[in-house]
Amino acid sequence: MSVEIRTGLGRQLSSATSDLRGHGAIDISVVMPCLNEEDSVGICVSKAWEGIRRTGLRGEVIVCDNGSADNSRAVAETAGARVVRQPRRGYGNAYMKGFSAARGRIIVMGDSDDSYDFTALPDIIRPLNEGADYVLGSRFTGQIRSGAMTWSHRYVGNPVLTRLLNLFFNLKVSDAHSGFRAFTRGALDTMALQCEGMEFASEIVVKAARADLRVAEVPITYSRRIGESKLNSFKDGWRHLRFLLQLSPDYLFVTPGIACLAIGVLSQLAFLGLGGSSALAVKILLALVTLAGSQLVTFGLFAKTYAESIGLGKKSRVSEWVERTFTLEHGLICGTGLAAAGVSLLIRQFMAGWGPVAAGGPAASVTILGLLGAVLGASLWFDAFFLTMFHLKRPAPLVTAPPSELGGEAREASVVPLPRGVAN
């Protein structure tokens, strides 16, 4: 099977082979979350052991129980999994707990509802031996079996969210919300995942791109799940969209802000000579649009700076130029100059008299532009101080080792046989 390996931004890389196997160590950890999956978790664990056997690696299967009220834990342990518990509900919380307990240098994640075929582990991890850091199993380039995915998820939800993710972050993934993935231990540490809910799936894709990880996609088969789905289409879809927008300040703030600024200022100048009460109302409305645009642009600048300061943002030429140019001193100078110009216009109109302003003609435009200059200048003055706060150095945190949950020994995959009906 031919696999294209690329960085998060789509650049082609050579597929230099790296040997991920070790002597006496655990090579691969299969991690699956579980919430009331007693009818399927045992099948998934057994298939995972079969998949590990087919890779020829030493491995382990970890099931993270997310508060099951049925016999899921006992079924998973009987099938050969090591069960850890995460009382805090959430897709991301369950996975992060499972990842923290994993000992392998290859991590494979997949749901415990039998929708993903864990016996295909050799295919999903093969790109890791060919130079990739992270592998995404794509349902849309593979096979989606009848009844496995609802019409709305297959043709609306997943495609729309995937296209938005590709647009916002300049990616080329085909299935951003697949639950079957693999990555190296180094890639997992680099991504520093933290989302607690279903947006965890989007976070992996975004952070892999932001960290310039070498990414590969492989086609997979998606089957009809056993049991009831835990997804809430609207709620989980909104969580994904909210997460993408929060990490896309250019689309959320900067672009709309620049558009509002341009419309407000240029239209204000174009309507300079218009008079009448209607013209005055329009000019006031355009002034508010200008103020809103200015606020959006500064929000975007704050969001980008904050994201970069905590490792979620990626520096670009524009952001580096802004960081060099928009220093505290430059901001104070520009703000003072803009405010002074605005106050000068207001003084000029004061000397000429306020009477003509109500007519909505040039006097009204001069007054509105003066007020805009004064307000925007003062705002810029304080914005400059606020922006510099993101550059303050944080004290290094005291790191303490968490209590170990790494009990149990590694064992060969052949110890646990497949149940009846699971093909070898």
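In which loop is Asp-114 found?

1. Asp-114 is found in the loop that runs between β5 (106-109) and α4 (121-125). Its backbone deserves a check, as Asp-114 has a positive phi of about 65° although it is not a glycine. Most residues other than glycine have a negative phi. With a relative accessible area of 15%, Asp-114 is buried, because the cut-off for that class is under 20%.

2. Asp-212 has a positive phi of about 55°, and it is not a glycine either. The residue lies in the loop between α7 (200-210) and β8 (214-222). Asp-212 counts as partly exposed, at 32% relative accessibility.

3. Some totals for the predicted model follow. The protein chain has 13 helices and 8 strands. It consists of 424 residues, of which 46% count as buried. Among contacts in the chain with a separation of 6 or more, 79% are between residues 24 or more positions apart.

4. Helix α2 comprises residues 72-79, and Ser-72, Ala-76 and Ala-79 in it are buried. These three cover an arc of only 65° around the axis, and are therefore on the same side of α2. An α-helix has 3.6 residues a turn, so residues three or four places apart point the same way. The partners of the buried residues of α2 are β2 (28-34), α1 (41-55), β3 (59-65) and β4 (82-85). After the helix comes Gly-80, with a positive phi near 110°.

5. The pairing of α1 with α2 can be described through the axes. Two packed helices are described by the angle between their axes and the distance between the axes. The axes of α1 and α2 come within 8 Å and cross at roughly 25°. Because angles under 35 degrees count as roughly parallel, α1 is roughly parallel to α2. The crossing of the two helices is right-handed. From α1, the residues that take part are Val-41, Gly-42, Val-45, Ser-46 and Trp-49; from α2 they are Ser-72, Val-75, Ala-76 and Ala-79. By class, this contact of α1 with α2 contains 6 nonpolar and 3 polar residues, and no charged ones.

6. Another helix pair is formed by α5 (residues 151-169) and α8 (residues 233-246), whose axes come within 10 Å and cross at roughly 10°. That angle makes α5 roughly parallel to α8. On the α5 side the contact is made by His-153, Leu-161, Leu-164, Leu-165, Phe-168 and Phe-169, and on the α8 side by Ser-233, Gly-237, His-240, Leu-241, Leu-244 and Leu-245. The residues of the contact of α5 with α8 divide into 8 nonpolar and 4 polar, with no charged residue.

7. Val-206 has its place in helix α7. How large is its relative accessible area? The value for Val-206 is 1%, so the residue is buried. Leaving aside residues up to four places away in sequence, Val-206 touches Leu-165, Phe-169, Phe-243, Leu-244 and Leu-247. Leu-165 and Phe-169 belong to the α5 side of the contact in point 6, and Leu-244 to the α8 side. Val-206 and Leu-247 are 41 residues apart in sequence, and their C-alpha atoms are 8.8 Å apart in space.

8. Is Arg-139 buried or exposed? Arg-139, found in strand β6 (residues 134-144), is buried, with a relative accessible area of 5%. Residues up to four places away in sequence aside, Arg-139 touches Tyr-116, Ile-144, Met-149, Asn-158, Asp-175, His-177, Ser-178, Ile-220 and Tyr-222. The C-alpha atom of Arg-139 is separated by 6.1 Å from that of Thr-221, although the two residues are 82 apart along the chain.

9. Finally, helix α3 (residues 91-101) is largely enclosed by the rest of the structure, because 8 of its 11 residues are buried. The buried residues of α3 are Tyr-91, Gly-92, Asn-93, Ala-94, Tyr-95, Gly-98, Phe-99 and Ala-101.

Notes:
Residues are numbered from 1 along each chain as its sequence is written. This is a predicted model: local features need pLDDT of at least 70, side-chain atom pairs count only at pLDDT 80 or more; totals for chains, interfaces and linings use all residues. Side-chain values use heavy atoms; hydrogens and water are left out. Buried means under 20% relative accessible area, exposed over 50%, partly exposed in between (1.4 Å probe, protein chains only). Helices (H or I, at least four residues) and strands (E, at least two) are DSSP runs, numbered from the N terminus. The arc is that of the directions from the helix axis to the C-beta atoms. Contact means heavy atoms within 4.5 Å. Axes are lines fitted to C-alpha atoms, for helices over the stretch in contact, and angles run from 0 to 180 degrees between N-to-C directions. Angles under 35 degrees count as roughly parallel, over 145 as roughly antiparallel, 65 to 115 as roughly perpendicular and the rest as oblique. A crossing is left-handed if the near helix is turned anticlockwise from the far one by less than a right angle, and right-handed if clockwise. Ala, Val, Leu, Ile, Met, Phe, Trp, Tyr, Cys and Pro count as nonpolar, Asp, Glu, Lys and Arg as charged, and the others, Gly among them, as polar.
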